[in-house]
Amino acid sequence: MTLRKKRTVRQDNFKTVGAVNAGIVLIVCATLVAGAPVAEQGANNDGIDHSIRPGDDFYRYANGGWLQSVVIPPGQDSYDNRLMMRNESAKRVSGLVHDAASSHPAKGTIPQKVGDYYASVMDEAAIEAKGLRPLADQMATISAISGKGSLSSYIGGTLNSEVEGLIANADHVFGIWINQGFEDCDHNLPHLWQGGLGLPDRDMYLNSSPKTADLRAKYQAHIAAVLKVAGFGDTESRAATVLSLETKIAQAFAPDTEAADVSKQNNPWKRSDFVIKAPGMNWQAFFASAGLSGQADFVVWQPSAVTGVSALVQSEALDAWKDYLRFHLIEHYAVVLPKSVVAEGSASTPTVNGEPLMPNREDTAIAATNGALGQAVGQLYAQHYFPPEAKAKAQAMAHDLITAWGTRISNLTWMSPQTKEKALAKLAAFEIGIGYPDQWIDYSALDIVRGDAFGNMRRAEAFIRRRSLSQLKQPVDPIEWPINPQTPGAVIMFSPNAEFFSAAILQPPYFDANGDAASNYGSAGAGMAHEIGHSFDELGNIYDAHGRLRGWWTAEDLARFKSAAARLAIQLDAYCPLPNTCVKGHQVLGESINDLAGLLVAHDAYLLSLKGKPDVLISGLTGEQRFFLSFARRWRKMQTEASLRTQITSDTHAPAKYRADAVRNVDAWYQVYGAAPGDKLYLKPEDRVTIW
Ligand SMILES: [Zn+2]
């Protein structure tokens, strides 16, 4: 059943979240879940189109050759650096995992755990031979549920840490995330959120359109098929009951927009509140089996879900709950169970030329290994592809960017002096993670046995859960990595006040530790500076230097910021890539402000890095020419017209070409590329916009 989310991927299945969501903004979507590998294209082509004047169309000047040579891969609607890097990282990870699996390393070592985890998921014969027997103990526990106490105890036992829950629907009845409180920055707290739906979101249960009704019918057939494989009779009626229970859970859910709204998530509950505010569940049994008996304080993100589900524990028949739990138990472990529990594809399966594009076993096994042993694979990745020298170079660049941001904040004319002070304090407290953690997760207590795919997954989950719960007794660690090094991406954490750039995003063409510094600053540097900017803009201004939910802009700051930004919105409104189809300035304004800020800050930082010395010429280009060229190349993207239209309709990022056009607001670009009155991109000095 491809409707369900890929549970095994966990950390690598971040969705791109553009809104503030409990202080975490995940920037770059990560793992290629399905799709054929694509050969890197245009790698040896410098891509410049010398027939175009830089001042007329800088994006085409920088990328014209590339745009002519590149082909959108089958099954995709666009191709860009991000996809190129994802493909490259996937290839690298695949090589590392294969090497670990075939070299038979010593028991207990990182390569042994990685290799044997992967090999076990690949060993379909062993998985088929065991059938559903590995589930026998948990199935027996479900069958033995005899009342509210044992039901609550079982549900509490499924409470697992799932980063995926940050998108507001956990794998189990509730999800948990251990992080500092919204207001208490000194203690880690359990954040509880809604969960337990098999379909991707609440609306799919409640929407009455024929398309959604059809998806629900397919889902119900899938539930029936799974229960049948598990040996149950009367599966049609059981499936209808499970779907009905899930629909009631969905009715208790907060809608997606509300679920992701931080102002509604900050609900501190005492342990004693649960019995009063959410009657139904036996909370003592629930928290005991969740390993949270001694926990006094919680943060409940969506109170309606906790209250609603708890009432369903009271009101719904035990047999309905038992079938629901059996089905979700099998679903949860589907990747390490026989093929027969994974039903046929559904309407939501992506297709190429009408053929369903299903993830193959290989992709599934690698994703499962990344999910269970993220930092173990990350260690192998870093050893091979991001040595300490690369980390040091990227850290030095980050240091220059922070310095440049500080100077820009100090010089702002729209921000009041008292707000500047707070901004600079936040910048000083800012933790920045580059490449990989300084201290890796210690996996020595996790036993991985070749041939025991199910046992490995269960032990890995228990390991992650123990580690996560142990953080409740430890001080807040602002550099707990929320992304794996091998996943190309950046994560902003507003709470705590930190940002992370994975090793896999610090690879060519964004960053080359052995390559040209000017190009690195223009590409990865501008990207990092953009992300840092979110900590100080309208996304991050509700969190202070310690990651507490506490706004630090004044109303006057906001008003002056908005009037400075309005000029950029007007500029963006004038970009019309298709007839009668123009960019919506306000929709893309927040991201475009940071594109411009990222460019300006990275340029300042690049000049700082030279320490007063002139840069060398490379291929006849000065350092600053390469800096701006690299910035424009960062955005190179080939996309179908339909993809462009969708982007203009709903994306908060401007189309690629206009992101590159941020250069027309930068005085230095005019000097470096000789853009002059009469050129299409030319703006009079007084029309150039600078916000940060
Ligand atoms: Zn952004």
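The model is a predicted one. The chain has 692 residues, and 58% of them count as buried. It contains 27 helices and 12 strands. If you take the contacts between residues at least 6 apart in sequence, 73% join residues at least 24 apart.

I'll start with the metal. Which residues coordinate the zinc ion? The donors are His530 and His534, each through NE2, and Glu591 through OE, at 2.0 Å. Along the chain, these donors follow the spacing H-x3-H-x56-E. His534 sits in helix 21, residues 517–534, while Glu591 sits in helix 23, so this pair ties together parts that are 57 residues apart in sequence. Are these two residues buried or exposed? His534 is buried, at a relative accessible area of 2%. Glu591 is buried too, at 11%.

Staying with helix 23, let me turn to its contact with helix 22. A pair of packed helices is described by the angle between the two axes and the distance between those axes. For helix 22, residues 555–573, and helix 23, residues 585–610, the angle is about 115° and the axes are 9 Å apart. The two are therefore roughly perpendicular to each other. The crossing of helix 22 past helix 23 is right-handed. On the helix 22 side, the contact residues are Phe561, Ala565, Leu568, Ala569, Leu572 and Asp573. On the helix 23 side, they are Gly585, His586, Val588, Leu589, Ser592 and Ile593. By class, that contact divides into 8 nonpolar, 3 polar and 1 charged residues.

Helix 2 contributes Ser89, Arg92, Val93 and Leu96 to the contact, and helix 17 contributes Val377, Leu380, Tyr381, His384 and Tyr385. The class counts for this contact are 6 nonpolar, 2 polar and 1 charged.

Now the backbone. Where are the cis peptide bonds to look at? One runs from Ser495 to Pro496, with omega near 0°. Pro496 belongs to the loop between strand 10, residues 490–493, and strand 11, residues 498–502. Another runs from Pro508 to Pro509, with omega near 5°. Pro509 is in the loop between strand 11 and helix 21.

There are also positive phi values to mention. Lys611, which is not a glycine, has phi near 50°. It lies in the loop between helix 23 and helix 24, the latter spanning 623–634. Lys611 is exposed, with a relative accessible area of 68%. Ser619 is not a glycine either, and its phi is positive at about 50°. Ser619 is found in the loop between helix 23 and helix 24. At 72% relative accessibility, Ser619 is exposed.

Last, Thr690. It lies in the segment after helix 27, which covers 667–673. What does Thr690 touch, leaving out residues up to four places away in sequence? The partners are Arg408, Leu596, Leu600 and Asn665. Thr690 and Val666 are 24 residues apart in sequence, with their C-alpha atoms 8.1 Å apart in space. At 45% relative accessibility, Thr690 counts as partly exposed.

Technical notes:
Residues are numbered from 1 along each chain as its sequence is written. This is a predicted model: local features need pLDDT of at least 70, side-chain atom pairs count only at pLDDT 80 or more; totals for chains, interfaces and linings use all residues. Side-chain values use heavy atoms; hydrogens and water are left out. Axes are lines fitted to C-alpha atoms, for helices over the stretch in contact, and angles run from 0 to 180 degrees between N-to-C directions. Helices (H or I, at least four residues) and strands (E, at least two) are DSSP runs, numbered from the N terminus. Angles under 35 degrees count as roughly parallel, over 145 as roughly antiparallel, 65 to 115 as roughly perpendicular and the rest as oblique. A crossing is left-handed if the near helix is turned anticlockwise from the far one by less than a right angle, and right-handed if clockwise. Contact means heavy atoms within 4.5 Å. Ala, Val, Leu, Ile, Met, Phe, Trp, Tyr, Cys and Pro count as nonpolar, Asp, Glu, Lys and Arg as charged, and the others, Gly among them, as polar. Donors are N, O and S atoms within 2.8 Å of the metal (3.2 Å for Na, K and Ca); water is not among the atoms, so sites may look incomplete. Buried means under 20% relative accessible area, exposed over 50%, partly exposed in between (1.4 Å probe, protein chains only).
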